[in-house]
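Look at the sequence and the structure first, then read the points below.

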2 protein chains.
Amino acid sequence: MTEVSNSMTSHVSQVSDGSVTSAKGFRAGGVYAGLKTPGRTKLDLGLILSDTPCTAAATFSRNSVLSPSASLSRETIKAGGPVRAIVANSGCANCCVGAQGFTDAKEMVALAAGAAGAKPNEVLVCSTGVIGKELPMGVIREGMPKIRVSPDGGHEFARAIMTTDSRPKEYAVSVKVGGKTAIVGGCAKGAGMIHPNMATMLAFMTTDANVAQSFLRKALVDAVTVSFNQIDVDTDQSTNDTCILLANGAAGNSPLKGGDNDSHLFAEAVQSVAVHLAKEIARDGEGAKHLIEARVEGARNAQEARVFARSIVSSPLVKTAVYGRDPNWGRIMMAIGKTEIPIEESKVQIFIGDIQIVEGGIAIQYFTQSVVAALGQPEVRLRVNLNVGNGAGVAWGCDLTEGYVVENSAYTT
Amino acid sequence: MTEVSNSMTSHVSQVSDGSVTSAKGFRAGGVYAGLKTPGRTKLDLGLILSDTPCTAAATFSRNSVLSPSASLSRETIKAGGPVRAIVANSGCANCCVGAQGFTDAKEMVALAAGAAGAKPNEVLVCSTGVIGKELPMGVIREGMPKIRVSPDGGHEFARAIMTTDSRPKEYAVSVKVGGKTAIVGGCAKGAGMIHPNMATMLAFMTTDANVAQSFLRKALVDAVTVSFNQIDVDTDQSTNDTCILLANGAAGNSPLKGGDNDSHLFAEAVQSVAVHLAKEIARDGEGAKHLIEARVEGARNAQEARVFARSIVSSPLVKTAVYGRDPNWGRIMMAIGKTEIPIEESKVQIFIGDIQIVEGGIAIQYFTQSVVAALGQPEVRLRVNLNVGNGAGVAWGCDLTEGYVVENSAYTT
């Protein structure tokens, strides 16, 4: 699975109207509690609930300044017990608020445990929004009991976690494992401060497959490596990045433990959901007009290929060139080289869309208007073949426009 | 010298109208050869010449894609012989053009050697401008003999290396060493693709001090570490970054070899010129309206302090917050944490200008209008005390405005 497939295989099929509650036995909901200005998106507090205890895996931001909400969830995951519920709020990151942040995160967990009929150590908590402001616990205390969870509530939850997102990000697939059909569904949020490391802003995935804890962890980490860790909006890494995968076993398959074909199919399903959600975050980047997909082939190995690909989509000069439909491929070469990983310049091929513009490291003749048209597509594909090995990797970003500057130069005050 | 002083000491004094030819025995000049569209800045080919052979030191970009001009100069420096001249062009980076790039760089050196009356292995070459286009050798052959070098020609040379720069960047200081007064002067260019590693875009420094080769190298590397390597415009690292320091010994002092007080004073003079030029590059960042200075104190050591400081000035969210005069200090915390270097959040103090806004890692009361006013200054000073050690470091950047996006979304085509 070093190569990322964008299309479904015959074994993994998209579920229509998919959400984080597409898998059997999961319910969710959201309310407007009052953490955000009303109007933009009406919901700001959400709950995901499993009818039965789940095996859980999660990854968190590596930022040295970590939100107490994420820290508390990390501790719960580390303890290794079953998980029943996830509570999440938008409008406030619960970060850089001192000891009060832990007190509030614990209270949110206790409130959610009460609403869910679960124990506090079975509840994970996530927060997203402005850094440096305390959680308004009064409105959270009032709002929590008003959440009505339902099997269709995944869509509501996806809206409850939005901040500068222009739309919810949801997806689900089905996969046949052990003679049973299992679902993997999920949702995510994020539009700015996006350059995740080990996880993204907030992403929630659920499955009714029966999965052993250690393999669930491996499937999640492998999926995050090629999805959320390969996107970029602005090179800024959040303090609250969290990605959670819950498995409740309701599909009734015998437990997936890795090393067999069914486990491989399940991992593929998780990856397809993760990649879809990650691309949705990149596509919805603040101010973005284009999704940029950078595919690097012929690297010495997959890990280096991913580093090259991410460097391309992270470069402000590549981002602005795409925005301006400018086939300034020298910026792609610069972005490859700034990784400081050695390449053989004389072997490099570059394609924009399906049009080759560089061969042997230098420009070749092409019809400029065709390339400009390829740069005008909603999805701009940049492909580089380094021709020194077999490693391939993909990353996704978005263009940098005046909209990003406007949105972020007037955010809190 | 781990702490960078912004003010001159009593030993190092600014030279009025300083340039790369302020030191005795250096001449320079520039012409419009025809590499750039005429009008914006009229000059595009420049030459620096020393009347006598110089000891030389230089640093180059670590980008894996390196301009043949920089590669050739790196070889010449590595050979260790004396240097007599530097030729530089703007308008074309001579990068990603295959073997032709080396042929052209060698011819440029040969042409400059002819004009300077020097041997080719005594001439360094630098190029800056668009990547992926071959040098127009015809106009360079015609232009080179037209360059008239003079002791006042440093200003002309500084203009000849400009690309998107809005103004030339020049500076010189004097320092007393071994009973003689020596000058260190320099010029630099750069406004975009600025996130140097081991050197900056193009920076040229000359001195008439008599300096031993090994100490000259050390003085340059130490100065670059706290100056050009601490600036950021857009996190993109150029393929052509070069910083050269020539010493011709015309001041007549006994050779500086390091380890004594005079050597220390000379290193201080080099650093003061390097810091001044580096700040000028950050100040003139594409679209910039503010110079941002981030000073991090109380880190465990100077190296970590510099990493923190540079992460702050490199963050698009900090850059846009400064542009919007938004005291969104959570973004400063995020930028510190995204280095993934451990800190003690509860000890962090943050100041904007002279106003403290964070104590013990959380917000304190302050008069918002005063902070907004501090963010409106041409030089915005951000200061962080981590209170875990004695390491201090400074970095310089600029704000991110719509101007950067506009300028870079319509550059080549």
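Chain B and chain A bury about 4,300 Å² between them, with 57% of it on carbon and sulfur atoms. Buried area here is the accessible area (1.4 Å probe) that two parts lose on being put together, summed over both. The model is a predicted one, in which local features need pLDDT of at least 70, side-chain atom pairs count only at pLDDT 80 or more, and totals for chains, interfaces and linings use all residues. Residues are numbered from 1 along each chain as its sequence is written, chains are lettered from A and ligands numbered from 1 in the order in which they are written, and side-chain values use heavy atoms, with hydrogens and water left out.

**The interface**

- The contact (heavy atoms within 4.5 Å) takes 52 residues from chain B and 52 residues from chain A.
- Between chain B and chain A, eleven residue pairs are in polar contact, both residues being at pLDDT 80 or more. A polar contact is a pair of N or O atoms within 3.5 Å; within protein, one must be able to donate a hydrogen and the other to accept it, and residues adjacent in sequence count only if both atoms are side-chain atoms.
- On the side of chain B that touches chain A, the elements giving two or more residues are α8 (316-323), α9 (330-337) and α11 (402-408) of chain B. Helices (H or I, at least four residues) and strands (E, at least two) are DSSP runs, numbered from the N terminus.

**Chain A as a whole**

- Chain A has eleven helices and 16 strands.
- The C-alpha trace of chain A spans about 65 × 55 × 35 Å along its principal axes.
- Of the 413 residues of chain A, 62% count as buried, where buried means under 20% relative accessible area, exposed over 50%, and partly exposed in between (1.4 Å probe, protein chains only).
- Among the contacts in chain A with a separation of 6 or more, 82% are between residues 24 or more positions apart.

**Salt bridges**

- Over all chains, the structure holds 26 salt bridges.
- One of them joins the side chains of A:Lys169 and A:Asp284 (2.6 Å, N to O). A:Lys169 lies in strand β6 (residues 169-177) and A:Asp284 in the loop between α6 (261-283) and β11 (291-299) of chain A, so the pair ties together parts that are 115 residues apart in sequence. Both A:Lys169 and A:Asp284 are buried.
- A:Arg383 and A:Glu297 form another, with their closest N and O atoms 3.3 Å apart. Since A:Arg383 is in strand β15 (residues 379-385) and A:Glu297 in strand β11 of chain A, the pair ties together parts 86 residues apart in sequence.
- In chain B, the side chains of B:Glu280 and B:Arg283 meet in a salt bridge (3.0 Å, N to O). Both lie in helix α6 (residues 261-283) of chain B, three residues apart, about one turn of the helix.

- B:Thr76 is found in helix α1 (residues 68-79) of chain B and is buried, with a relative accessible area of 14%.
- B:Ala294 is in strand β11 (residues 291-299) of chain B and is buried, with a relative accessible area of 0%.

Key: A salt bridge is a side-chain nitrogen of Lys or Arg within 4 Å of a carboxyl oxygen of Asp or Glu.
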